[in-house]
Structure formats: structure tokens, C-alpha cells
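Please look at the sequence and the structure before reading on.

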Amino acid sequence: MLNKLILANLSHRPVRTILSVLAIAVEVTMILTLVGVSHGTLDSTAERARGVGADIIIRPPGSSVMSSLSSAPISQKYIAWLMQQPHISLATGTVVQGLSGFDSITGVDFPVFERMSGKFDFASGGAPVDDNDMIVDDYYARQHKLQVGSHINLINHDWKISGIFSGGKLARIMVKLPVLQQVMDRPGYLTVLYAKLDDPRQADTVAKDLKTQLKGYPIYTMDELTSLYSISNVGMLKDFIGVVIGVAVIVGFIVVFMAMYTAVLERTREIGTIKAVGGSAGLVLSILLRETLLLAVLGTLVGILLTYGTQLLMHALPSNLTQETVYTWWPIAGVIAIVGALLGAIVPGYKAVQQDVTEALSYE
Amino acid sequence: MSNGTGPTLDSPGATSLSQPIIRVRGLTKVYRVGDVDVHALRGVDLDLAAGEFVALVGASGSGKSTLFHILGGLTPPTSGTILIDGRSVTGMTNHERTELRKTTVGFVFQKYNLLPTLSAEDNIKLVEYIGGRPTEFTPEFVEILKLLGIQDRLKHKPRALSGGQQQRVAIARAIIKKPAILLADEPTGNLDSENSAAVLGLLKDLNQRTGQTILMITHDPEAAAYAARSIHMRDGRIV
């Protein structure tokens with residue numbers, strides 16, 4: 001009977017109910033999208049790093065695992081030096097030039113790189129032949145509507161797409177190493193060094209040995225590097241998610257506060273009637289809280305659905321962001337929405353409980 | 001207008017009833033409005049026997065609505081004693097007054113006060129749900145619904161019912177729990193004369209057929225004539 005009353009109350013004011021549900025849904029979508037993009041971006045970065053096929057990675061001095069790379073301070077001579085170290089069977093290097101947002105363009109020594117990571121899986125076209133040739137992964141090509149033969153201007157240079165490859169290998173945009181070094185005015189210098197070992201089980205030993213010889217260079221094994229691509233290792237991202245959750249709780253609080261406060265005012269007479277026929281203050285509060293809970297649950301479900309919408313949007317828009325569906329955050333976002341909504345129902349609920357029956361019954 | 005048992009004791013409302021279902025003695029109610037004390041009731045004595053249909057008649061401001069609210073456990077008195085069905089209402093906590101409304105007193109209001117989101121049937125059943133009783137209508141109650149003439153209108157929401165029909169639903173809602181006393185506050189105040197006569201006839205019929213005790217508040221002598229006894233109030237006193 002009580003559930004019937006709650007459903008009837010919510011359907012009695014459909015616009016207010018829909019708006020409340022949508023507002024809570026937006027709150028949930030905000031959280032899930034941010035978390036999804038964070039996970040997606042970090043996971044795809046880790047996947048591309050693994051796709052290199054290297055066992056050891058050497059980054060420029062002073063750089064951290066999460067910092068974007070856009071300089072070329074490492075001499076190319078280190079490649080020959082690396083090749084002389086025990087267990088290193090192959091070494092190569094890349095040069096990276098940052099673009100806007102999360103994008104970057106990477107210069108690659110294609111023959112050596114393919115020996116390290118295996119052949120590129122081209123959906124169309126092939127590896128760069130001419131100096132202005134560029135290859136992009138299918139994700140970047142789809143977002144920027146690029147095809148083999150398309151022209152694109154990046155870092156004040158005109159490039160022609162020679163191939164579109166399946167993603168998950170090093171970077172999304174690649175050109176010939178010497179060409180990019182020339183464009184960056186850093187011939188003979190690299191941004192990152194990669195080493196492949198004859199026995200991957202020796203990775204920790206080799207990394208330790210290299211650290212003693214290359215002081216100041218951040219040196220990681222591949223396992224080490226990919227494990228560092230997590231939200232907890234990105235302080236700013238963690239803080240940002242915290243801020244978004246805080247904002248979401250406030251949004252939920254305000255929306256439900258307004259909806260329930262209006263409902264209590266509007267239903268003053270009905271609340272008086274329920275009390276007059278023997279309904280306790282607890283019953284009146286229970287009705288309001290259950291209504292709030294239902295709004296929050298519906299809002300969470302709609303919010304989850306909307307998150308799939310933002311995923312589609314992310315695919316359609318020309319950004320370099322990848323959004324994952326992080327199922328473990330569904331209940332977390334739901335709890336956040338419910339907490340915000342219940343906080344918003346406290347004051348209206350108190351008002352309803354405190355209403356004098358005789359005054360409520362004569363309310364016009 | 002009084003056409004039933006007349007007042008015989010120390011106050012006009014008090015009677016010589018041996019086992020009254022309502023016994024009120026020295027009831028006062030003082031409201032504080034701003035800096036002014038308003039004496040709504042100034043020592044009311046009243047007895048109602050089980051099975052009586054009594055009209056409490058008075059002009060606006062005579063204190064009859066205040067008495068209605070106190071007897072119904074909607075608001076506490078300032079002083080005096082009230083016994084309803086053997087239970088002392090004076091000094092009851094909020095919780096105890098809620099229990100009183102849940103089990104002992106039924107209300108019929110001038111403006112019906114049906115929940116607009118529920119059907120007529122659910123409005124009635126809600127009282128049983130709140131009282132923790134089975135919500136299915138008993139055959140006996142179905143007969144009462146037939147008497148009230150609303151058995152075919154139960155699935156409708158209040159807005160789809162006429163004023164008279166809404167008031168009949170309100171009566172059904174008030175009596176489904178078999179209250180010791182049915183309090184009706186100007187039950188025909190919002191109805192036209194035809195519907196008024198029908199509702200008042202139903203209350204009288206209900207009283208005669210089921211023995212339901214009814215205290216009806218009205219300012220209308222014609223409505224009061226349906227009751228077996230009339231009590232008059234003026235300036236917070238029974239006269």
C-alpha cells in the first residue's frame with residue numbers, strides 16, 4: 001500500500017519527477033564519465049606501452065611516468081651503447097612532440113621498431129615511405145575522419161596519411177624518426193629509449209644495472225611502467241575525481257531538497273490527512289525518504305545509461321580520450337547519488353514531521 | 001433544536017449517561033496568538049453515550065472546531081479531563097494521540113481530505129494499512145459501501161468523483177476501522193442541498209443500522225436535525 005502511495009505521488013507530478021531523476025542521472029553520469037575516461041586513457045596508454053614489445057624503458061632525466069613527453073634530450077648514441085649491455089638483444093628510440101590536449105606525434109625507426117614489436121596490423125595502406133608520410137591508428141583516424149591519402153597539418157607541417165593501423169602499439173600518430181627530429185630541430189636526439197632482452201626474466205636485473213650506469217634517468221621494466229598507469233598514481237586526477245564527487249553530491253542535495261521541499265509544501269494537507277487517520281511522524285518521514293530513494297535509484301539507472309551515451313559521444317568527437325565502462329564504480333556512484341539525495345530530503349522531511357495536524361488540515 | 005437526551009447535570013453538555021463513550025469535564029483550551037491569549041474553550045463538560053448521533057451546533061468562533069480537534073486527539077487540551085472509550089486523552093503524548101486516531105476515532109472533514117493520488121478504494125484501505133490491519137474489505141464492510149452507494153466508484157480517483165461521492169468515500173474511510181466515535185466536521189459544508197441531504201441521511205442510517213456513535217459539528221440547524229440530540233456552543237462553552 002505504501003509503495004502504491006509512493007508511486008502514485010511520483011507519477012502525480014511527472015515533470016518534477018522526471019527533472020529530479022534527470023538531475024540525479026547527470027550527477028551519476030558526471031562521476032562515471034570522469035572515472036571511465038580516467039581509466040580508459042590510462043589503460044589505453046598502458047596497452048600501447050605494452051604493444052611496443054620492449055622489456056626496458058628509459059625516459060628523459062627529470063620526467064615522471066605520468067608526465068607528457070615533448071623534448072628530445074637523449075643522445076641517439078645511447079642506442080649503440082645499450083646494444084653492448086648484457087642481455088639486451090635490441091634497442092631503439094623514439095622522439096615525441098606533444099600536440100594539443102593528450103595527443104602527441106611520435107617519430108619511429110620503423111624497421112627496428114617492427115623487429116621489436118612485430119609488424120603493424122594495417123587496416124589500410126602501409127608504413128611511411130616518403131618523408132611526409134604519417135600513419136595513425138584506427139581510433140585517431142575515425143575521430144578525425146582520416147583515410148589513406150588524406151592530408152593533415154600538424155606542428156606546422158603537412159603530412160599525408162600512408163597507413164591506418166590497429167591501435168595498441170606505442171602511439172596513435174607516427175612518422176619517420178629522422179623527419180620528426182628534423183622538424184623538431186633535434187637531429188640525433190631522442191625522447192625515449194626502448195630495449196628488448198634476450199631473456200625477459202632478466203628485466204629487473206638489467207634495469208637495476210642500467211640505473212647504476214645511467215644516473216638520473218628514470219628506468220622501468222615494462223611491468224613496472226604499466227602498473228604505474230593507475231588513478232591512484234596520478235595525484236591531480238585523484239583530487240579532480242574527489243572534487244567532481246563533491247560537486248555531484250551537492251547537485252543531488254540541491255535538486256532533491258528543492259523537489260522534496262516543494263512536495264512537502266504542496267502536500268501539506270495530505271500529510272495532515274495521513275496523520276489524522278493515525279499515520280505516525282515516522283510513517284510520513286518514511287514515505288518521503290522512500291520517494292527520495294526511488295528517485296535516486298532511478299536517477300542512478302538513467303545515469304548509467306547516459307554514460308553509454310557519453311561513450312558514443314567520445315567516439316564521435318575528435319578527442320583523444322577513451323572512455324571505459326568501469327562496472328565497479330556503478331554501485332559507488334549509486335551510493336553517492338543516494339547519499340546526496342537523502343541529505344537533500346532531511347530538511348523537507350523534518351518540516352513534514354513537525355507539521356501540526358490541525359494547521360495542515362486547514363492549509364489552502 | 002435539541003430533540004434527544006437533555007443536559008441534566010452541573011453543565012448543559014453533561015448528562016446522566018451511565019457509561020458514556022465520551023466524557024469531558026472542565027475542558028479548556030487557550031491559544032497564544034502573538035501576545036494575546038485566546039480562550040477557545042472555557043470549561044466544557046460533555047457526555048456522549050455509545051450509539052448516539054449528536055450534533056454540536058454553534059456559530060463560527062464558538063469553539064466547536066477546537067473541541068472537535070481535541071476530542072479527535074489532533075491537538076492537546078490546556079486543562080480538563082477527557083475519557084474516550086475509557087481512555088484518558090488528557091496528558092497523552094503525541095504517540096498516544098496518534099494511536100488514538102489510528103484505532104478509536106474516525107474523521108469526516110468538510111473538505112473530504114482524500115489523498116488525490118490514490119483511488120477511492122486505496123484511500124479507504126490506507127487507514128487499515130496504517131492501523132496494521134488486513135486491507136481486504138470484509139463482506140460486512142462491502143454492505144456498508146453499498147449503503148453508501150460508492151461500490152461502483154472505488155477504482156476512481158477523487159478528482160473523478162462528485163463532492164457527494166467524495167464525502168461518502170471519506171465516511172467509508174472513517175468507519176472502516178470501526179471507531180468508537182465518528183467525528184464529522186461540517187460534513188455537508190461543501191455540498192449542495194441534494195448531496196447534503198443524502199450524506200446526512202447516510203450518517204443517520206449508519207448510526208441506526210450499525211450503532212456507530214457520531215458527533216457532528218455543524219452551524220446548520222437543518223443538518224443538526226438529522227441527529228438524535230443537539231448540543232449548542234457559544235463563546236467556548238456549551239449552552
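In strand 5 of chain B, which residue is the bridge partner of B:Ile84? The bridge partner is B:Arg87.

## Basis of the model

This is a predicted model, in which local features need pLDDT of at least 70 and side-chain atom pairs count only at pLDDT 80 or more, while totals for chains, interfaces and linings use all residues. Residues are numbered from 1 along each chain as its sequence is written, and chains are lettered from A and ligands numbered from 1 in the order in which they are written.

## The four-stranded sheet of chain B

Helices (H or I, at least four residues) and strands (E, at least two) are DSSP runs, numbered from the N terminus. Two strands pair if DSSP finds at least two bridges between them. In chain B, 4 strands form an open sheet with antiparallel pairing, in the order 2-1-4-5. Its edges are strand 2 (36–49) and strand 5 (87–88), each with a single partner strand, so one side of each has no neighbour in the sheet.

Strand 1 (residues 20–33) of chain B is joined to strand 2 by 11 antiparallel bridges, and B:Val33 has B:Val36 as its bridge partner in strand 2. Strand 1 of chain B also runs antiparallel to strand 4 (residues 79–84), with 5 bridges; here B:Arg23 is partnered by B:Leu83. Strand 4 and strand 5 of chain B pair in the antiparallel sense over 2 bridges. Their hairpin has 2 residues between the strands, and B:Asp85 takes a positive phi near 50°.

## The six-stranded sheet of chain B

Another open sheet of chain B has 6 strands in the order 6-7-8-3-9-10, and its pairing is mixed. Strand 6 and strand 10 (237–238) of chain B are at the edges with a single partner strand each, so each has one side without a neighbour in the sheet.

Strand 6 (residues 105–108) of chain B points B:Val105 and B:Phe107 one way and B:Gly106 and B:Val108 the other, and all are buried (20 or more other C-beta atoms within 10 Å of a residue's own; 12 or fewer is exposed, in between is partly exposed, with C-beta atoms placed from the backbone). Strand 6 runs parallel to strand 7 (residues 181–185) of chain B, with 4 bridges, and B:Gly106 stands opposite B:Leu182. Strand 7 of chain B in turn pairs with strand 8 (residues 214–218) in the parallel sense over 4 bridges, where B:Asp185 stands opposite B:Ile217.

## Where the chains touch

Two residues are in contact if their C-beta atoms, placed from the backbone, lie within 7 Å. In chain B, 20 residues are in contact with 19 residues of chain A. Helix 2 (94–103) and helix 3 (120–130) of chain B are the elements that give two or more residues to this side of chain B, and helix 3 gives the largest share, 6 residues.

## Cores and domains

A nonpolar core is a set of buried Ala, Val, Leu, Ile, Met, Phe, Trp, Tyr and Cys residues joined through C-beta atoms within 7 Å. The largest has 112 residues, and A:Ile24, B:Leu56 and B:Ala172 have the most contacts inside it. Helix 2 (residues 14–50) of chain A supplies the largest share, 11 residues. A second, separate core of 44 residues includes A:Ala49 and A:Tyr194.

Chain A is divided into domain 1 (2–43 + 234–361) and domain 2 (60–217); such bounds come from an automatic or database domain assignment. The C-alpha centres of these two domains of chain A lie 47 Å apart.
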